Amino acid sequence: MIINEIFYSLQGEGFLAGVPSVFVRLAGCPLRCRWCDTKYAWDEKAGKNYSIDKIIQTVRQWPCKLVVITGGEPMINSDLPQLVRQLKTADKHVTIETAGIAYIPEMPCDLISISPKLSNSAPTDPELASIHEDSRLDIAVLGKLIDSYQFQLKFVVDSKSDLAEIQQTLEKTGNVDFEKVMLMPQAATRDELLLKSPMVAEMCKQTGFSFSQRLQVLLWNNQKGR
Ligand code: SF4
C-alpha cells in the first residue's frame, strides 16, 4: 500500500478526541476539497510502498490500542479490508476516517468516522469544482455505511448557512441517530478555530448535535505529523 505517513498523536476529532492513537495515512483522494489540510496526500503515489506486515510492525512500536486509518480517502484503496483484518488480529481498535464516498462491506473495523462533504468544500478551480460536485456526496453509499457499521458523522461548518444543507443531507439519508452527529469548525489555524468555535457551539445548542474538537489545530496549529 502507498503510505503517506504513520505517526503517533492524540485523536483530534470526534467522540474519541483526546485518546492516544496511531495514524496511518493512505495516499490518494479524488475530492480536492478547498480547505483540505492534507493536500500532500492527494496524489495516490504520494508516499512509500509498505507491505501490510511492515505497517503492522510500524504501528506496534507505540504503546497504543487505537489506530486511525485516514487519508486521503482510505475507502478507495482495495487493500483496506486486509489491513483492517490484520490490525484487528494485532488487537487494535480500528477507526476508518472517510468522506463517505465509497462502500466496502464486512470490514471488522470498530468505527467508521464519516465526514460528508458539503458545498462549502468546493475547490476554487472550476474544473476541479465540477469533479468535486459530482462525487462529494452519494446518499446511497452514506446510508449503507451507516446501516452496516458503528459510525459517527462529522460535518465541517464554515458558516451559519451550512446548517440547512446538513439538515437536508440527514433527511435524505434517513435513519440517522442524531446522537452520532457532530459539527466542527472549518479552521486551518488555531486563530480561525477559536474565532469560529462559538458559532458552531451555538449551532450545536440549537440542534442537539455534538461539538467536535479539533485538537490537532488547537494544540499544534495543524502541524504535519502531530
Ligand atoms: S475528502 Fe478529505 S482528504 Fe480528500 S480532499 Fe477532502 S478533506 Fe482532503
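In the predicted model, Arg-136 occupies the loop that connects helix H3 (126–135) to helix H4 (139–148). The relative accessible area of Arg-136 is 9%, and the cut-off for a buried residue is under 20%, so Arg-136 is classed as buried. The side chain of Arg-136 forms a polar contact of 3.0 Å with the side chain of Glu-133. When residues up to four places away in sequence are set aside, Arg-136 touches Leu-31, Ile-101, Lys-117, Leu-118, Ser-119 and Glu-165.

At the start of H4, the backbone nitrogen of Ala-140 has a side-chain oxygen of Asp-138 within 3.1 Å. The buried residues of H4 include Val-141, Leu-142 and Gly-143, together with Leu-145 and Ile-146. In an α-helix there are 3.6 residues a turn, so residues three or four places apart point the same way. Among the elements that cover the buried residues of H4 are strand E6 (111–114), strand E7 (151–157) and helix H5 (162–173).

Thr-173 belongs to helix H5. The relative accessibility of Thr-173 is 15%, and Thr-173 therefore counts as buried. A polar atom of the Thr-173 side chain is placed 2.7 Å from the backbone oxygen of Thr-169. Apart from neighbours within four places in sequence, Thr-173 is in contact with Ile-139, Leu-142, Gly-143 and Ile-146.

As a whole, the protein contains seven helices and nine strands. Its radius of gyration is 17 Å, close to the 17 Å given by the globule rule for 226 residues, so the protein is as compact as a globular protein of that length. Along the principal axes, the C-alpha atoms fill a box of roughly 45 × 35 × 35 Å. Of the 226 residues, 52% are buried. Among contacts with a separation of 6 or more, 70% are made by residues 24 or more positions apart.

The accessible surface of the protein amounts to about 10,500 Å², and carbon and sulfur atoms account for 50% of this area. The protein carries 25 positive and 27 negative side chains. The centres of these two sets of side chains are 6 Å apart.

Notes: Residues are numbered from 1 along each chain as its sequence is written. This is a predicted model: local features need pLDDT of at least 70, side-chain atom pairs count only at pLDDT 80 or more; totals for chains, interfaces and linings use all residues. Side-chain values use heavy atoms; hydrogens and water are left out. Helices (H or I, at least four residues) and strands (E, at least two) are DSSP runs, numbered from the N terminus. The radius of gyration is taken over C-alpha atoms; the globule rule is 2.2 Å times the number of residues to the power 0.38. Buried means under 20% relative accessible area, exposed over 50%, partly exposed in between (1.4 Å probe, protein chains only). Contact means heavy atoms within 4.5 Å. Accessible areas come from the Shrake-Rupley method with a 1.4 Å probe; for residues, only the protein chains shown count as cover. Lys and Arg count as positive and Asp and Glu as negative; His and the chain ends are not counted. The place of a charge is taken as NZ of Lys, CZ of Arg, CG of Asp or CD of Glu. A polar contact is a pair of N or O atoms within 3.5 Å; within protein, one must be able to donate a hydrogen and the other to accept it, and residues adjacent in sequence count only if both atoms are side-chain atoms.
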